Amino acid sequence: MRDLKASAIVLTAILVAGIASFLLAIPPGFLAPIWLPGAVTLTAVLLIGYRALPAIGLGVFLLTLTYGFHVLDAGIWRAAGGSVGFAIAAIIQAAIARRLVRPAPDRSVALETGMELVRLIGFGAILASMVGSAFAAAWVTLGGFSASEIDFWSAFARNWAGNAVAAAAIAPVLLVLFETNRVSRRRKRNIGFVFTILATISLTTFALTRLNGLELRQEHFEAEVAEDHIALQESLNAARRRLESLQGFFAASENVSPEEFSTFVDIAFDQLDSVSSVHWMVVDSDENMSRHALLRPVDGVRSTPGRRLMITPDRVLATDYFFDDLPDLIDASLASGAFSASPLNASGPAAWVGLAIPAFAGRQIPAELSERRESLRSVAVGTFRVEAILGSAFSSEAALYSYRIRGLDAQRRPLWEHGRLPDGFALTTRREFSVGGELWQVDYIANESFLQGEQDWVSWTVIVVGFCFISILNALAMLSTARTDLVQRLVDEKTAESRSLSNNLSLILEHAADAIISFDQDGRGVLINPAAGKLFGYAPDELVGEVIHDRIHPVDMRGRPHTRDECAMVQEALRDSPNSGYDRFRRKDGSDFFAEYATETMRDDAGLPIGAVTVVRDITERIQAEADRERFIERLTRANEELERFAFVASHDLQEPLRLISNFTGLLANRYGDQLDDAGQTYIRHTLNATVRMQTLITDLLAYGRLNSDADATRTEVDMGQLVEETFKTLGPSVQAARERIHIGDLPVVRGHPARLGQLMQNLISNAVKFQPEGQAAEVWIGAEDTGDFWTLSVADNGIGIKREYREQIFQPFKRLHSPDAYPGSGMGLAICRKIVESHGGVLTISDNEPHGSVFRFTLPKTAPKPMPALGAEPPEAE
């Protein structure tokens, strides 16, 4: 859970730092001059270790994938490929930094020496960033994941500069701030304060420089766009002038033939590549029909001979070619009385626009719309392809910018749109002008080549140099504060050690369960713990300064008074070696008790004895418990012997009347059987069967009871394969008949009681053969498996099986699941089996044998358990 929490923190920090870096990015490459995640990854791998690498890789992958896909518009596959390369590079860089910097074994990086700072900045920031940046640059350039104008060395230089500078300036500060063991709060506060001031100054200078650079770039872009925008207006004005010249051509002559019209159009419009058709439409004139010239036809202008457009109820405008916006275009020209334009037709490269100029009778344009309709004589109409107009005007479009043109109505609502704005554009300017009463709005968007040429290297220099300056000042601040911090920490550590040692000694003495007594060379008490006072019935202060021997040990083991000089325990304490044992002690109330003691002599620096320390433990309860245990064992042994004698006598006395009943019942059947009817003979047969079952029960009960007395019998090596073969010789005819269907696998040699193990296998095999459905031949499988310290043996059959709810009941004495007539037996067999297995230290279980039947499994130890040594006995010698 702790690793998961740390990984989540690292992942979040990388994403936040990456977003902050992108906010500092300078178009067009959108490469951050300072790559803050580099400082986060270096800090994480030094504080957490290699466990931080998965979070580092995932964080860099998500950060660069989102930015590459949404901001750089690189496409999902290119963005994913580039992100994989950056993630691998970040992992390699972090792993190398960890290896080179080599923090202390406790992972603390306090940066208290110049060598630590040199290793961190030189190896962790500069060298490791160089390796990671080289890998990332090779990946994105050779793999085609970067822009074409960025080569390997350019990508390497930018990545390395951003990584190294950020790591060198920020990672030392983060390491000190997040170090929890060896850095004081005062040092953290001072370093954080210095870094905040320096970073604020650097970022403020960078922001001001960048704003100035953005303003200069905006001015340059607008100056570049202005020339093409004027050319666009001039291109539209050229179309207008051509239509006006057409109007003058018809005004100069009352009758213009089709040939003259075609000649004029060829001369006037031939050099205007944008024109697609020219129309001269006349009102109410059968002699002078409308003239038309289709130079470069566009979709939408259709041949419609004799089409009439109503101007007034009795006046129409004739045309042989028609397009959908023509009526609206005529109405717009009448409404304004001057040059008019239609909305955009079609889209993309096929887009075109219609332009019209009306001609009225007289020299003045009538003021009212109704008058203009009455005096309208003709209309000059032309259709012009928008791509050709823009192509002749936008000479710098491909190299400098993209564009979007929108037509707006009087309320500035968009009517149509041509071109599009790219996602995430960084630099744009907007121009507007009127075309035939319609407002055209043009957005010019700087493209990557322009931004590349206008790269703001001054801002790059400011931020990089600023962070280099921060790195130097941070290093000086850390070294200046480290000395004070180191001295203070050493003082605090020593003080804490002394205080902890004193507290620990006090706690040990106060809470020790045993009595601890310290006395000087004269035997007077110096230190008495509470347990000693409680044991001897004194307050601890009552024994301080008193001769301890006279108070608590005035008698020897036999209770005879003796002096301190005569006491063997005191004399041994004054010698070189510690001594221990048990002896008689006396309480304040005069009562004696036995206790264990251990005494250690205390000596000064010269080796001379100055006193001793004795630890005393009351063993009265232990002595009493041992005595009670011995008495209990003796009583239990006598009870077991009496129980065995009773069981033997009871079995003998019970079997004697059974033998008489069996014998006399047999005599009765032999002598008088022919005189009895069928019912009488049945009664005699039931009586004989009952006596046999009773004898079997008594025999099995005695066998079950003898298992306890035989539990400690000598164990020997038993070959289970040979034992099973010998067991077949003692089994009945039913087992002998099924011998060919009893499959025996490789059986091990175990250590146990041969007779008991033979009885175990005899019971399990006979049960497997006996409990079969009527008419089914028995199949039995006997095998073994090595399970470590035990052998697991199994006896499986294809019999009737045992339901799950009865699997524990069948191991209880006399428990039967079937009547004796269906399956004969005493009900003691499986109980005896379990007791035999448990006496060998094993477990007997039962499970299903698919598709039907049962499997009895029991474990036997490979070797006999070694007996525990007796209390006080010497340990066994090593083999």
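Relative accessible area, computed with a 1.4 Å probe on protein chains only, classes a residue as buried under 20%, exposed over 50% and partly exposed in between. The model is predicted, so local features need pLDDT of at least 70 and side-chain atom pairs count only at pLDDT 80 or more, whereas totals for chains, interfaces and linings use all residues. Residues are numbered from 1 along each chain as its sequence is written, and side-chain values use heavy atoms, without hydrogens and water.

Aromatic pairs were assigned to rings of Phe, Tyr and Trp (its six-membered ring) with centres within 6.5 Å, planes under 30 degrees apart being stacked, over 60 edge-to-face and the rest tilted. The count comes to 14 aromatic pairs. Trp-153 and Phe-156 form an edge-to-face pair, at 6.2 Å centre to centre with 85° between the planes. These two residues are three apart in helix 6 (residues 152–178) and are therefore separated by about one helical turn; helices (H or I, at least four residues) and strands (E, at least two) are DSSP runs numbered from the N terminus. Trp-153 is exposed at 61% relative accessibility, whereas Phe-156 is buried at 14%.

The pair of Phe-394 and Tyr-444 is also edge-to-face, because the ring centres lie 5.7 Å apart and the planes stand at 70°. Phe-394 lies in the loop between helix 11 (386–393) and helix 12 (397–400) and Tyr-444 in strand 11 (residues 438–446), so the pair ties together parts 50 residues apart in sequence. Phe-394 is buried at 7% relative accessible area, and Tyr-444 is buried at 0% relative accessibility.
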